[in-house]
Amino acid sequence: MVHSRALLCGQRIQQWICRSAKPINFGSRAVLVASLLALTIVSAGKRFRLFEPLETSSFDLLTQLLIQPAPDPRLLVVEVTEADLEAYGWPLSDQIVADIIAAVQRYEPAVVGLDLYRNTPQDEPGKAALAETFAASPNVIGIFNVGKQKDRIEVPAPAAWPAAQVGFNDLAIDPDGVLRRNLLYVAVPNHPFYSFPLRVALAYHSDLALEVDLANDRLRIGETSLPALNTGDGGYAKIDDRGYQVLLKYRTPSAPAPTLTITQVLAGAIPPEWVRGKIVLIGSTASSLKDEFFTPFSQDQASEFLMAGVEVHAQSISQLLDAIAGKPALYRFLPQWGEFLWLFSWALLAAVIGWRVRRPPTLLLWSGMMVVSIWACSSLALGALVWVPTVEPVTGVLLALGLVVTQKALYRSSYDQLTLLPGRDIFLLQVQRALHHRPAGPVTVVFLDIDRFKLINQSFGHGMGDRVLQTIGERLRQFLPPSAHLARVGGDEFAFLLPVHGQPTVDQWLNRLQAQLSEPFVVARQRLAVTSSMGVAMAHGDYPPTPEDLLRDAHTAMYRAKALNEYRYEVFASTMHEEAVQRLELESHLLSAFENNEFLLHYQPIVSLKTGLISGFEALVRWYRPGEGFVSPGQFIQVTEETGLIVHLGQWIFRTACAQLRVWQQQFPEHRLTMSINLSRRQFHQTDLVDQFGAALQELDLGGNLIQLEITESMIMHDVDGAIDIMHRLKQLGLKLAIDDFGTGYSSLSYLHRFPTDTLKIDQSFVGRMDQSDDDREIVQTIIALGQKLKMDLVAEGIESEKQLQRLRAMGCHRGQGYLFSQPLGRDAATAILANPWPWESFDTSESA
């Protein structure tokens, strides 16, 4: 039995060793590298004091958030105020100071601390009186200032004062000007220096002795140990830690103890219970003496100083008294290994989260939660008087996140996580290797795109789309030979190197592949049949392209296959590339045309077929390129539609045409003119279209009933209900609506009565063939009859002969436009025909068949 247990234990140990011996995967390696690198960078930053200003500012903010106790009842501050300065002058005479001490001593204080320098010339009686006070009262403590002089004390105490009754007044101020440290003791051989707060605290606890533990770098007062602050403790990186310092714990943001003025004391207005057995500090709080210091409670250093020197000493004494009484009063710090563990833990956690979380919003949320958690932990620690660095772990978190996300991005750019296929970059390297190893033979690259993949995502969701991609990737793996390099290079796009030569062989392979891919399969209980379009590009020895060019050419050929008919493949030809380059150049020139104001409007008159008068114009955009002339609308309108430039262009057309109509209204008030403006599909579906048009009409002070918007059948038949809603909103502006090119689009007869349209425009293709085709003539007659039945205005386009004009009039068409009347004219030419007699105004209106 024992042997069996030992054998089982040995097997488990062997299994654990085998698992440990396995190389860690890329994700674990990335997490570890990011964590260690973040730790290294932050540690180096701390060494160079990059974080110390932010860490001390964070300490100040967290200190302000902590709950502060009440003022210390063991202390009383007798303050010299501005009113006292006016009453007694400055500096106070030694006689007045002696009188103040004598007045306080009547009520038996434990200690009297004189926080006033006495190095000024004084009258001998006052000086003697103050010296006698010190000699007769061992509980009186004075101050001196060591300063920065190496050979002497900068502000000495009077020589008659006992050395055991004076303490230095020097303070340890941080580089940012804030007083956070409390210098207590300086060990000078044969002549140690005690700080003023330390002397007062020792006088208060006269039964306790001070011990200096040089070995452990700490002071001891009775059972209380005061560890010295070291250069790298807490958020500090490199401070002057000479002497024995502690981090100052402020009891309150302002007044740390009850106060009386010297005027009150000299007048005898002293509550006895405020003094008896207490520590009384005498010092100045008058701002004019500039004995004030920044504290962690100062909002900014541009504001007034917030705490006088005597109040700072009161804070320090209160901290020492609490520490001696065994209360929490001394800040503690993590050891070096503890800070390392604190920082590394957060960096490791950030790296793990950065690797596992995929969605950027979720990752951003996690990042915020970690920063808040660090802040919360630091705040709780500071409440327990442990100063834990805050900015350093936050920096480590951000660095670790950035590093691991960068590694993840590089990994994902190399391998697709869904299909586990190589990505674009690796595929290009494989193509480069193939071109290099086989310069004489052809290299065939095939670019494959799944047909109607967007429809699958929209219909069944992206989860189904992912399953389809995995299935297609697996089928490609199974069909292609091992020597073929397969990769996923886009959302629903794959590319592979086909290891076959000759066009007939390539055709045979691709036909078989399309048949294989199109076989139905079941995904999530849905039976699907997916087809693909492919583009083929071949590199021969006499023309060795770059891998990027070869993949681009295959991509271009694939788009040609889609344009001709899905579920086919096309072999790249140089003309495809030339067409693509021309298209890109055209798009670039269009962008420049907007910047250079190369677009202009021409206006084609719309004539009343009854009176022959001009009833309005149709605004038609033209593009004039300096040095090249006009560009045909057929060349650029479709491109602006596909690229979205039509939105900006359409706004400009509407505003410019309306502005021109407003000008003509003012020039020719006798003409009742309207302006017809074409709307594109993208414009029609703009969410702010109505607001834009309304703003333009209001700005130009133009009635909407003078503007007619022309909409094609295909635009409104795509979403009938949505189109009707938009049209009603446009009608609310007073705008007229016309269906342009009626009869050439989808059948909309059953919907026509629902559309709030005013005009039917008969397409010029029907008008132009009326003379040669009875069918077209009948179509025109039918459209006119339909419009008359629906009480709509009728406009015929493309009238080029008088015979067409007479037929249209006889059929009852209301208005018309075409080259018979006028071609589209520039602004000045259109203005001229309005200003001059119109030749068609008196044309023969007699009806003829």
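**Exercise 1.** In this predicted model, determine which residues lie nearest the centre of the largest cavity, and which elements each supply at least two residues of its lining.

*Solution.* Begin with the lining itself: 15 residues line the largest cavity, and D170, L171, N182, P197 and H313 are those that lie nearest its centre. Next, turn to the secondary structure, where β5 (181-186) and α10 (309-324) are each found to supply at least two residues of this lining. Sorting the lining by class then gives eight nonpolar, five polar and two charged residues. Finally, the space inside the largest cavity comes to about 90 Å³, and the search of the whole structure that found cavities of 30 Å³ or more returned three.

**Exercise 2.** Work out which residues line the second largest cavity and how they divide by class.

*Solution.* The lining consists of K249, R251, Q315, S318, Q319, D322 and A329. Divided by class, this lining has one nonpolar, three polar and three charged residues, and the second largest cavity holds about 40 Å³ of space.

**Exercise 3.** Decide how helices α27 and α28 are oriented to each other, and identify the residues through which they meet.

*Solution.* Helix α27 (residues 774-789) packs with helix α28 (residues 802-811) at an angle of about 40 degrees, and their axes are 10 Å apart. Angles under 35 degrees count as roughly parallel and those of 65 to 115 as roughly perpendicular, so α27 and α28 are oblique to each other. The handedness of the crossing of α27 and α28 is right-handed. In the contact, R777, V780, Q781, I784 and Q788 of α27 meet R807, L808 and M811 of α28, and these residues divide into four nonpolar, two polar and two charged.

Conventions:
Residues are numbered from 1 along each chain as its sequence is written. This is a predicted model: local features need pLDDT of at least 70, side-chain atom pairs count only at pLDDT 80 or more; totals for chains, interfaces and linings use all residues. Side-chain values use heavy atoms; hydrogens and water are left out. On a 1 Å grid over the protein atoms alone, a cavity is a set of points where a 1.4 Å probe fits but cannot get out, and a pocket is an open set with protein on both sides within 12 Å along at least five of seven lines; lining residues have an atom within 4 Å of a point. Grid points are joined across faces, edges and corners, and a volume is the space filled by probe spheres set on the points. Helices (H or I, at least four residues) and strands (E, at least two) are DSSP runs, numbered from the N terminus. Ala, Val, Leu, Ile, Met, Phe, Trp, Tyr, Cys and Pro count as nonpolar, Asp, Glu, Lys and Arg as charged, and the others, Gly among them, as polar. Axes are lines fitted to C-alpha atoms, for helices over the stretch in contact, and angles run from 0 to 180 degrees between N-to-C directions. Angles under 35 degrees count as roughly parallel, over 145 as roughly antiparallel, 65 to 115 as roughly perpendicular and the rest as oblique. A crossing is left-handed if the near helix is turned anticlockwise from the far one by less than a right angle, and right-handed if clockwise. Contact means heavy atoms within 4.5 Å.
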